[in-house]
Amino acid sequence: MNIYTKLQKIQQELKVHKGNYNSFGRYKYRNCEDILEAVKPLLDKYNTTLIVTDDLVLIGERYYIKSEVVLIDCDSENGQNVSSHGFAREELNKKGMDSSQVTGASSSYARKYALNGLFCIDDTKDSDTTNNGNDGIDIPFTGGEDETTPTGTFTAFNEAEAEQQTTRRRKRK
């Protein structure tokens, strides 16, 4: 079974319940920790492992947290893997939080969306994707434009699908 088959099975079996409640907004939501807790038994079942990392990148004149989630096939001799990325920008001034808390919140947000992208978790019905309030985190729009000139916002950045499409095209040729 290759990495894409294992990923497909994990995507099909993964169920991540919304275990948190925002009493102010009156909605349930899932966070990065919920996703990681739910996926761990499936990683063991399919002999895969997950590595989650963050990097600070400059896009235009702003710094973003770029989170990468890499699913690695432990059965493959060459370390077959597939990855997804998520981005989040820190708000310049966030009342009630010190700078490390703002960075941590941005990291968690970027990681959540990288995990959502890799495991095909749809958060479009979640309040944090439809809420009109400003949560202090912006996601860059990268719809075919140069990363140095983002022009809008976007809820999830997913490179895994693009990689899979490229691989499928190469196999057909």
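**Terms and their grounds**

Trainee: Why is Cys-74 called partly exposed?

Mentor: Buried means under 20% relative accessible area and exposed over 50%, with partly exposed in between (1.4 Å probe, protein chains only). Cys-74 has a relative accessible area of 42%, so it is partly exposed. Please note that this is a predicted model, in which local features need pLDDT of at least 70 and side-chain atom pairs count only at pLDDT 80 or more, while totals for chains, interfaces and linings use all residues. Residues are numbered from 1 along each chain as its sequence is written, and side-chain values use heavy atoms, with hydrogens and water left out.

Trainee: Is Cys-32 buried or exposed?

Mentor: Its relative accessible area is 6%, and therefore Cys-32 is buried.

Trainee: How many disulfides are there?

Mentor: A disulfide is a pair of cysteine sulfur atoms within 2.5 Å. By this rule the count is 0.

Trainee: How do you know that the span of helix 3 agrees with its number of residues?

Mentor: Helices are DSSP runs (H or I, at least four residues), as strands are (E, at least two), both numbered from the N terminus. The expected span of a helix is 1.5 Å times one less than its number of residues. Helix 3 (residues 99–119) has 21 residues and should span 30 Å; its end C-alpha atoms are 30 Å apart, so the two agree.

Trainee: What follows helix 3?

Mentor: Cys-120 comes next, with a positive phi near 55°, although this residue is not a glycine. Cys-120 lies in the loop between helix 3 and helix 4 (127–130). At 57% relative accessibility, Cys-120 therefore counts as exposed.

Trainee: What makes a set of residues a nonpolar core?

Mentor: The set must consist of buried Ala, Val, Leu, Ile, Met, Phe, Trp, Tyr and Cys residues joined through side-chain atoms within 4.5 Å. Here the largest such core has 20 residues, and those with the most contacts inside it are Ile-10, Leu-50, Leu-71, Leu-118 and Phe-119. Helix 1 (3–13), helix 2 (32–45), strand 4 (62–73) and helix 3 each supply at least two residues of this core. Helix 2 gives the most, with 5 residues. A second, separate core of 5 residues includes Ile-65, Ala-88, Tyr-109 and Tyr-113.
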